[in-house]
Amino acid sequence: MQPLKPHSINQLMQRVNNIAGLTLGQLAQQYHFKTPDDLLREKGWTGQLIEYVLGATAGSKPLPDFEDLGIELKTLPISYKGKPLETTFVSVTPLMNVTGMTWHTSSVRKKLNHVLWLPILSERDIAPFDRTIGSGFLWQPSPAQDAQLQRDWEEQMELIALGRIDEISGHLGDVMQIRPKAANSHIVTDAIGPNGQIIKTLPRGFYLKTSFTGDILKKQFQL
């Protein structure tokens with residue numbers, strides 16, 4: 001039976017502490033959570049398992065995972081040395097009707113306002129079920145981090161508003177990038193073209209760069 005949603009931050013963190021040190025396989029077994037045969041194809045399974053066990057409620061809604069607490073859950077695959085192994089997806093990038101959008105009301109800022117980071121030891125040579133859950137912790141952006149994120153968001157959203165989406169690549173942004181987010185190249189969506197016309201393009205997402213999440217880990221664990 002799925003655990004009920006946590007009623008307080010203390011209750012949530014108690015659950016987080018209870019699963020630290022377990023492998024994903026042990027956790028799935030404990031909660032009779034359905035496991036796919038080939039985890040490498042099921043990239044979202046880890047997140048779904050953790051959401052289930054911790055009682056997250058938002059699902060695919062554009063809200064923090066723990067709606068009542070205003071906390072977003074992010075699992076973070078890390079190496080033996082404690083470094084992030086991949087960028088972190090934040091939210092889908094709006095590509096239409098973007099004029100007048102501001103950083104302060106953006107979905108990115110709402111998602112990153114209060115994050116529960118859950119590091120998971122995920123080196124390539126560890127089978128998915130044997131990957132170990134680390135110590136989760138709560139994080140809120142410092143004023144300096146918020147300013148960095150705002151700068152990257154505004155710079156890239158301006159290009160989208162100007163119909164220059166094709167100029168956006170993963171190299172842009174100091175701490176946050178925009179890049180395609182689609183299961184395959186056949187999935188397309190509307191965007192603003194160079195002359196203000198509507199064009200078809202791949203859906204995009206905002207991703208935190210590993211240098212940024214690496215700094216968050218360093219500060220938390222004094223690495």
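Two exercises on a predicted model follow, each with a worked solution.

Residues are numbered from 1 along each chain as its sequence is written, and side-chain values use heavy atoms, without hydrogens and water. In this predicted model, local features need pLDDT of at least 70 and side-chain atom pairs count only at pLDDT 80 or more, whereas totals for chains, interfaces and linings use all residues.

**Exercise 1.** Determine which residues of helix α1 are buried and what covers them.

*Solution.* Helices (H or I, at least four residues) and strands (E, at least two) are DSSP runs numbered from the N terminus. Step 3: the face turned away from the buried side carries Asn10 and Asn18, which are exposed (over 50%). Step 4: the cover of the buried residues includes α2 (24-30), α3 (45-54), β3 (115-121), β4 (132-133) and β5 (137-139).

**Exercise 2.** Locate Leu112 and list its contacts beyond four places in sequence.

*Solution.* Step 1: Leu112 belongs to helix α4, residues 107-112. Step 2: its relative accessible area is 2%, so Leu112 is buried. Step 3: leaving out residues up to four places away, Leu112 touches (heavy atoms within 4.5 Å) Val90, Trp139, Pro141, Leu149 and Leu208. Step 4: Leu208, with the same exclusion, is in contact with residues including Leu112, Thr87, Trp117 and Met176.

Methods:
Buried means under 20% relative accessible area, exposed over 50%, partly exposed in between (1.4 Å probe, protein chains only).
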